[in-house]
Amino acid sequence: MLLSVKNLSTEFPVKKGIVKAVEDVSFDVDAGEILAIVGESGSGKSVTSLSVMGLLAEPGHVAGGSMEFEGKDLVHLSEREYRELRGNDMAMIFQEPMTSLNPVYRVGKQIVEAIRTHENVSKKEARERAIDMLRKVGIPSPEKRIDDYPHQMSGGMRQRVMIAMALSCNPKLLIADEPTTALDVTIQAQILDLLRRLRDDTGMAVLLITHDLGVVSETADRVVVMYCGQVVEEAEVRTLFDHPMHPYTLGLLKSIPRLEDDDSKRLYMIKGMVPNPLEMPPGCHFSDRCDSCMDICREKIPDLVDLNGHKVRCFLYENAEGEAKSVSAIAEAEAEAIADAEAARDVEASEALLAAEELREAEIEDIEEASR
Amino acid sequence: MSKDKKLATEPAAGAALAAQPVKEKRESIWKDVFAGIVSNKASLISGIFILLLVIIALVTKFVPGVLPYDPYAQNLSESLMGPSAAHWFGTDIQGRDIFSRVLVGTQITLTVGLAAVAISLTIGVLLGSIAGYRGGKTDTVIMRVMDMMLAIPSILLAIAIMAALGPGIEKAVVAIGLVSIPEYARIVRSEILAIKENDYVAAARVVGDSNAAIIFRHVLPNVLPSIIVRATLGISTAILDAAALGFLGLGVQPPAAEWGDMLGRGRNELFRAPWLMIFPGMAITLTVLAFNLLGDGIRDGLDPKARKR
Amino acid sequence: MSEHNEQAAGAQAQAGADGTSAPQQDILLDVQHLTKRFAAETNFFGKATSHVQAVDDVSFQIRRGEAFGLVGESGCGKTTVGKMLVNLLRPTSGKIIFDGHDLTAMKPAERKAYCKDIQLIFQDPYASLNPRMRIGDIIAEPILTNNILPKDNVEDRVNELLECVGLANYMRNRYPHEFSGGQRQRVGIARALAVNPKLIVCDEPVSALDVSIQAQVLNLLDELKEQFGLTYLFIAHGLNVVKHVSDRVGVMYLGKMMEIAPKKALYADPLSPYTQALLSAIPSVDPATKKDRIILEGDVPSPIDPPPGCRFAGRCFAKVEGCDEVMPPLVEVKPNHQCACHRYDEGGPGTAVVA
């Protein structure tokens with residue numbers, strides 16, 4: 001076990017109360033594993049990663065729970081010890097590589113400095129290591145590009161530099177917060193491929209934070225789905241995509257436009273929007289948007305139950321036929337939507353027919369008039 | 001990070017939307033200004049203080065009888081008396097009651113502040129808007145002239161202008177007003193440059209709005225908050241400048257009561273009669289401070305995001 | 001509204017859903033050889049010394065009632081095309097023929113009269129609404145500017161529009177910052193609908209939204225298209241989003257149109273190597289459909305003074321002779337399926353590859 005997070009709660013006091021950005025979140029990352037935390041904005045996925053990195057911005061703070069990295073307690077680490085850890089064993093890359101790199105220094109200098117703060121090596125050695133790293137992350141002619149300024153590089157290149165910098169001290173854990181969100185699809189494919197390859201080569205673990213289920217499906221080994229600060233589902237990646245259990249996960253998967261879809265159908269949509277963090281519904285956070293909401297869902301928050309390694313936070317799974325219920329509820333909602341759409345289309349079609357007929361009549365009249 | 005933070009506030013707005021009753025009445029920007037002033041204690045107190053100054057100025061102007069003494073009447077037998085029950089703020093070298101003179105002084109101070117700001121605001125906003133919206137050569141010419149004005153210390157420039165115009169309070173107002181034009185022009189220009197690039201301006205163009213409609217409906221209302229805030233702060237600068245000119249003997253002509261002028265005349269007796277400087281000086285400080293705090297409150301009120309939180 | 005509605009619906013019925021070539025009058029928008037150059041660097045006297053070829057000789061047609069998807073990565077010029085259509089930019093050369101009128105040949109004042117017929121839905125729902133205007137005023141503005149309705153009827157129309165996009169009409173007195181991203185995007189859509197446009201340019205309307213909200217907005221656009229017989233130009237950076245809403249799709253790369261085809265043909269049988277790579281790069285949630293992934297080498301090159309030859313040649317995995325020398329023209333390779341690639345040149349170097 002490399003990283004073990006147990007019952008983590010992170011809070012942000014604001015004027016009107018306390019925003020519980022992360023509530024009772026637990027997960028483990030094993031060495032060499034890619035764990036994805038997936039969720040929409042406001043799910044607390046980024047705050048979770050920042051809590052682990054000890055980079056929470058004031059007034060945010062860890063309010064409870066424990067975090068251990070290689071058996072070392074992270075919650076009570078001093079700022080200095082954290083800095084030591086962050087450079088060496090834990091590294092992080094962010095969404096926007098432009099703002100994470102200092103625009104006034106050459107990229108080489110920034111990597112060299114990162115190496116030299118954590119390791120006692122000469123400038124020359126560090127520069128050679130930097131060139132090596134740049135080659136490893138797939139930057140062509142690294143001997144030349146090392147003297148570029150960040151603005152001379154494309155977004156994909158900058159993200160590669162960020163990865164090179166993060167990897168320069170051989171971290172055991174890389175936290176990647178939306179590493180490809182700002183990039184084009186073809187570049188995203190390159191970066192994801194690179195991350196997987198580096199994991200295979202170096203054996204580091206990756207904690208991948210993303211909102212994109214496609215990225216998760218293609219990159220991760222295990223997935224944690226978050227909604228409104230809570231873990232709602234956790235499973236091996238194939239298990240999750242083949243047998244999603246939580247209605248939220250199901251809904252998300254259904255609402256993504258897929259290449260193999262039949263387009264004549266309306267997309268399934270999760271109704272409503274993410275609730276205000278200060279006015280959460282009293283029961284399950286997802287209850288207001290859920291198609292299979294029951295009475296109990298509005299009263300109390302369900303526990304995260306473990307069903308043979310597939311964890312889910314939903315009352316449907318307190319008994320056996322839960323999955324079936326959830327799927328059927330969504331199917332019902334979907335069928336209704338389709339019926340609506342079809343009804344609308346029928347009306348359209350008849351209107352179109354009428355219009356066409358009118359046109360024809362008008363034409364006949366015109367012709368008659370002309371012949372007179 | 002920022003994404004999650006934004007979120008923390010964004011649905012909050014959404015929920016506020018559900019909770020609030022339907023409001024049919026439209027609010028004006030001035031209502032926001034008022035809300036901003038009231039929301040903050042310091043700016044509320046400042047606002048009340050300024051309101052008081054305005055009342056004092058009006059009352060002393062139209063009902064001079066309320067003053068304990070005639071502010072202009074000399075009484076050499078009571079020259080340089082310290083603060084007492086009879087003369088709260090003491091008397092000056094000619095035996096005039098300083099309390100009465102400080103109260104009367106609000107007239108000039110407020111007039112100078114408002115009039116000077118009105119001059120620089122009008123010309124500055126006009127020049128800044130033209131420079132920002134037209135761009136190109138017009139922009140270059142206008143802004144270079146502004147830069148030249150900024151290169152000279154404002155008080156020196158004001159003295160130079162007064163040297164050309166001659167002494168007198170009206171001329172001081174003109175001088176102070178002209179001197180601060182570049183500040184307004186620059187603020188308005190930079191704001192317009194930024195706002196011009198917004199999608200909502202593009203959206204207005206797409207639906208076919210004319211240039212005038214775009215400037216008046218989409219650009220200027222979004223510049224207005226910074227103009228109002230700057231103008232409030234500008235009043236305090238203008239008051240200070242007027243006081244400085246008065247101190248140098250360039251502002252009002254005797255026997256008119258003006259705080260800066262009183263300060264200047266009091267400096268010869270600084271050690272013998274410190275109250276000559278203390279009370280006008282305090283009046284200047286408090287008034288300037290009040291306008292600054294008021295400006296802060298107004299800024300909060302005009303930021304739609306800060307207001308609803 | 002209803003009159004316009006019927007007309008459009010009638011036209012739509014005539015146009016036919018699949019890619020059968022339509023008679024001339026069904027073409028709402030005909031873009032011919034559209035080009036836009038920006039000055040990249042200027043010398044001391046303000047004269048351009050090098051150019052960004054943002055859009056280079058692009059031609060396509062959109063039929064009435066059709067949704068045309070325009071796809072490409074950042075810097076491919078898709079947004080520039082959209083901006084030229086809505087008169088935010090003036091083309092350097094080429095023609096935009098809209099409803100039979102050549103918009104590019106018009107004087108600015110004349111051109112303005114056609115503004116209301118082509119509307120734009122913006123990508124960023126936060127920047128596209130004036131923060132100091134109420135939602136109701138934002139939606140009413142285009143109606144008043146274009147004198148579409150007498151003043152007294154505007155409020156009813158605004159309520160009607162709000163209802164169309166799924167917002168409650170009491171919301172018209174609220175300011176944009178009180179809305180979430182998805183709701184703001186709905187307001188943007190209502191504003192675009194307010195002037196009864198014939199064509200709506202949707203510039204990445206969902207890419208700034210959360211996944212669960214994206215589906216809501218895509219469905220709304222779909223419904224509105226059916227309801228009002230709208231024609232869309234749907235700009236996006238990913239092929240997966242466009243697939244759901246468009247009838248035909250054009251793929252752009254570095255200012256050039258690489259491929260145009262009816263949706264089904266494009267996704268089932270992409271001809272251009274770039275389209276193939278773009279399709280393969282979409283991360284899929286379903287392992288069953290996972291093909292051998294094409295991972296392109298390198299980045300999109302700089303659009304400043306691009307070299308001759310195919311724009312994609314530097315990254316192409318199926319390069320043939322001639323790719324570095326001449327940009328292949330966009331030609332009809334299969335019925336209704338146009339592609340710019342030397343591999344499909346008649347008698348050209350790559351014929352063997354296709355066969």
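Let me start with a sheet in chain A. It is an open sheet of 8 strands with mixed pairing, and the order is β6-β7-β8-β3-β9-β10-β12-β11. At the edges are β6 (90-93) and β11 (305-307) of chain A, each of which pairs on one side only. From one strand to the next, the twist averages 20 degrees.

Some housekeeping before I go on. This is a predicted model, in which local features need pLDDT of at least 70 and side-chain atom pairs count only at pLDDT 80 or more, while totals for chains, interfaces and linings use all residues. Residues are numbered from 1 along each chain as its sequence is written, and chains are lettered from A and ligands numbered from 1 in the order in which they are written.

Now the terms used for the sheet. Helices (H or I, at least four residues) and strands (E, at least two) are DSSP runs, numbered from the N terminus. Two strands pair if DSSP finds at least two bridges between them. In general, strands of a sheet pair through backbone hydrogen bonds, either parallel or antiparallel.

β11(A) and β12 (residues 310-312) of chain A run antiparallel and are joined by 3 bridges. Which residue stands opposite A:D306? It is A:K311, in β12(A).

The loop between β12 and α12 of chain A contains A:F315. Is A:F315 buried or exposed? A:F315 counts as buried because it has 22 C-beta neighbours inside 10 Å. The cut-offs are 20 or more other C-beta atoms within 10 Å for buried, 12 or fewer for exposed, and partly exposed in between, with C-beta atoms placed from the backbone. Leaving aside residues up to four places away in sequence, A:F315 touches A:M294, A:I296, A:C297 and A:P302. Here, contact means that the C-beta atoms, placed from the backbone, lie within 7 Å.

Next, the interface between chains A and C. In chain A, 46 residues are in contact with 40 residues of chain C. Several helices of chain A each supply at least two residues to this side, among them α7 (155-167) and α8 (185-202). The largest share, 8 residues, comes from α12(A). By type, the side of chain A that touches chain C has 22 nonpolar, 11 polar and 13 charged residues. Nonpolar means Ala, Val, Leu, Ile, Met, Phe, Trp, Tyr, Cys and Pro; charged means Asp, Glu, Lys and Arg; the others, Gly among them, are polar.

Chain C itself has 11 helices and 12 strands. Of its 355 residues, 53% are buried. In chain C, β11 (residues 331-334) and β12 (residues 337-339) run antiparallel, joined by 3 bridges. C:V331 stands opposite C:C339 in β12(C). β11(C) and β12(C) form a hairpin with 2 residues between them, and C:N336 in the turn has a positive phi of about 65 degrees.

Last, chain B. An unreviewed UniProt entry places "domain: ABC transmembrane type-1" at residues 106-295 of chain B. That span is 83% helix and 0% strand, with its end C-alpha atoms 19 Å apart. UniProt positions are in the numbering used here, feature names are shortened, and annotations may be inferred rather than shown by experiment.

Conventions:
Axes fitted to C-alpha atoms, helices over the stretch in contact; angles between N-to-C directions. Contact = placed C-beta atoms within 7 Å.
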